[in-house]
Amino acid sequence: MSVDTSLRFDKDYVNGFTSSRQEPAWLQELRLQALELAQNLPMPKPDKTKIDNWNFTDFKHEATGNAVAFNELPEDVKALIGSEEDAKNVLVIHNGTPVFFALEQEVRDQGVIYTDLLTAAKEHEDLVKKYIMKAVAVDENRLTALHASLFLNGAFLYVPKNVEVSAPIQAIYYQDDEAALLNHVIVAAEDNSSVNYVENYLSTNENTESVANIVSEVYAGAGAKVVFGAVDNLAKGMTTYVNRRGRAERDGRIEWALGQFNDGNTVSDNTTHLIGDGSFIDTKTVTIGRGDQKQNFVAQIFNHGKHSEGYILTHGVMKDSASSIFNGITKIEHGATKSHGEQTERVLMLSEKARGDANPILLIDEDDVTAGHAASVGRIDPLQMFYLMSRGISKTEAERLIIHGFLAPVVSQMPLESVKNRLVEVIERKVR
Amino acid sequence: MSAPNLKIEDLRVSIEDKEIIKGLDLEINGGEIHAIMGPNGTGKSTLSAALMGHPKYEVTSGKVTFNGEDLLEMEVDERAKAGLFLAMQYPSEVSGITNADFLRSAINAKREEGDEISLMKFIRELDKKMDHLEMDNAFAHRYLNEGFSGGEKKRNEILQMMMLEPKLAILDEIDSGLDIDALKVVAKGVNEMRNPDFGCLIITHYQRLLNYITPDKVHVMMQGRIVKSGGPELAQRLEAEGYDWIKEELGIKDETVGQEA
């Protein structure tokens, strides 16, 4: 059985929605074009995962949140920030509405723009137009088009040329309405700039079905560096389609650290293009599958520039009867001489019924390159268990240590202590 | 704290249905250091692994008590909590867990909840023991045994022993792969532990470690059992003359059990 993927949103709806939000004409235009495409384009086809009967298209669209003081934020959100004093550079979006925002004067003075996307679309039209739906194309498939026509809000982070932002910039997207989570993030670092951005996704729809359709676009200009950390923690009822896409120009650098801990069915695509010569990408992603959730993860790097380097590390823990596909793709294009691609996928199985497939794929159209891959799917090594237990550590604790160790590559990479701690808690809760 | 006692009676151990230990008796008390020597493939490492509860080894019959309690009934971690320690010949590597975090978890596992070792005290102890073993402090923050050289792994085993202060330690070929300087450091660690409340079983091919740690008793293992016991002089004679005279004396042609794990 497959679900009806015809759209319940039409031109009138989109017109009304975008007018009521007083969106600029260009955005309205973009949305209407996207809607038309959404009506005709096919659904995405994640390799080896059948999503015919996943609902991505039928959802309640508009939701509301209200601006609040720090103390009124939900506990789960506060935990991600720390104390009120820690809330220095943070945007909280609740049900598509910005509800809390802080940005240090020092960062503002550097010319950094950080605001919710809707505000940016009105106040920084040229910049937003330059970046929105460029790394992810509107017409890739029905869901990217649907996203462009209906996204509710998101974040816009722009770092001007030669500016180094020392403090991490944080965003929290929190959903407790049954409406869909349609979020769009743009991080653009101009030439020779540097920034750390970390985002968290949270939802409470344990038993209510809903949809998340998320796009993040990251641009590292020449010589720029972007560290992008994410902890996804959407509840069981959420069916998620998330695209995180990056482009690095000459000597640009993007480091992804993605903790993908959704409890619902998820299709996640993380693709980065090494456009410029000497550009560098490091993708680290970890996940835990539990219950009967099904997930499909793509970590993909395209080497276009000469001397470009791309690294992918994916670690997944699978328990209960969860099943996941991990596709790692390194594509070295013709002309990308002296470039290098490397990937590792490791899956740790904690139960007989769990399923995990690791598929490392190297596609190389250039002779003068180096590339390598490693993949493994296995259980916890009984000899490791014996070793740890022989020091008096209980079976449960030994397993816990091994799993935390297995997921450490991403945990240790998180730029904010509060997020790191929270990530450890999420792992703890999920593997218990 | 009372002096420990390990008593092994008529122990038989199999791996994948092949019997390796074929009726072994041994008793070790606090304050004693025993050495088990023997050629390759005679069951020495099997004995140490079986005593610690290695999942691959099956005890088919016999009795082992540790301080009067049935050791074979205990889970691996319970054996450790009771005070048994095994310095392994091939310690596992565990990625993502630092040496220090691992050691602290192990120390706290033996303590009551609410009585965990303080971070300051732990660091002080760790620094002291690492200095004693001439280990670089950076080792504390490296992942457990990951990328360690053979000698570094052995030192790390001794470090764990010193930090965990077991009542009885089994050192399984702790000397293999060590140069003479490292060997002396390891011996220093063991000698530091020597006291009436600590017993030790050293398993080795060679006598050279015993130049630095003088054993109270030396046993020779062949065909899965102890065939000869004596004092330190036995080790010296083995070093000088090899094992052939024992085989001759006992009429043994093939000393192995066919498979050394």
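Two strands pair if DSSP finds at least two bridges between them. In this predicted model, strand 4 (residues 153-159) of chain A meets that condition with strand 6 of chain A: seven bridges join them, and the two run parallel. The bridge partner of Leu157(A) in strand 6 of chain A is Val187(A).

Strand 6 of chain A also pairs with strand 8 (residues 210-220) of chain A. The sense is again parallel, over nine bridges. Here Leu182(A) stands opposite Asn213(A) of strand 8.

Strand 6 (residues 181-189) of chain A is largely enclosed by the rest of the structure, because nine of its nine residues are buried. In a regular strand, side chains alternate between the two faces of the sheet. Both faces of strand 6 of chain A are covered. Leu181(A), Asn183(A), Val185(A), Val187(A) and Ala189(A) are buried on one side. Leu182(A), His184(A), Ile186(A) and Ala188(A) are buried on the other.

## The nonpolar core

The largest nonpolar core has 202 residues. Those with the most contacts inside it are Val92(A), Leu157(A), Val187(A), Val226(A) and Ala87(B). Helix 9 (residues 395-411) of chain A gives the largest share of this core, eight residues. Domain 1 (11-276) and domain 2 (380-432) of chain A each give it at least three residues.

Take Val226(A). Leaving out residues up to four places away in sequence, Val226(A) touches Val187(A), Ala189(A), Val195(A), Tyr197(A), Val218(A), Ala220(A) and Ile254(A).

## The sheet in chain B

Chain B has an open sheet of six strands, in the order 6-7-8-3-9-10. The pairing is mixed. Strand 6 (84-87) and strand 10 (225-230) of chain B are the edge strands, each pairing on one side only. On average, neighbouring strands are turned by 20° against each other, direction ignored.

Inside this sheet, strand 3 (residues 33-37) and strand 8 (residues 199-204) of chain B run parallel, joined by five bridges. Ile33(B) has Cys200(B) in strand 8 as its bridge partner. Helix 1 (residues 44-52) of chain B lies across strands 3, 6, 7, 8 and 9 of chain B. Helix 1 runs at about 145° to strand 7 (168-172) of chain B.

## Where the chains meet

The contact takes 21 residues from chain B and 20 residues from chain A. On the chain B side, helix 2 (76-81), helix 3 (99-109) and helix 5 (150-164) each supply at least two residues. Helix 2 of chain B provides the largest share, four residues. The residues on this side of chain B divide into 12 nonpolar, six polar and three charged.

Notes. Residues are numbered from 1 along each chain as its sequence is written. Chains are lettered from A and ligands numbered from 1 in the order in which they are written. This is a predicted model: local features need pLDDT of at least 70, side-chain atom pairs count only at pLDDT 80 or more; totals for chains, interfaces and linings use all residues. Two residues are in contact if their C-beta atoms, placed from the backbone, lie within 7 Å. Ala, Val, Leu, Ile, Met, Phe, Trp, Tyr, Cys and Pro count as nonpolar, Asp, Glu, Lys and Arg as charged, and the others, Gly among them, as polar. A nonpolar core is a set of buried Ala, Val, Leu, Ile, Met, Phe, Trp, Tyr and Cys residues joined through C-beta atoms within 7 Å. A residue is buried if 20 or more other C-beta atoms lie within 10 Å of its own, exposed if 12 or fewer, and partly exposed in between; C-beta atoms are placed from the backbone. Domain bounds come from an automatic or database domain assignment. Axes are lines fitted to C-alpha atoms, for helices over the stretch in contact, and angles run from 0 to 180 degrees between N-to-C directions.
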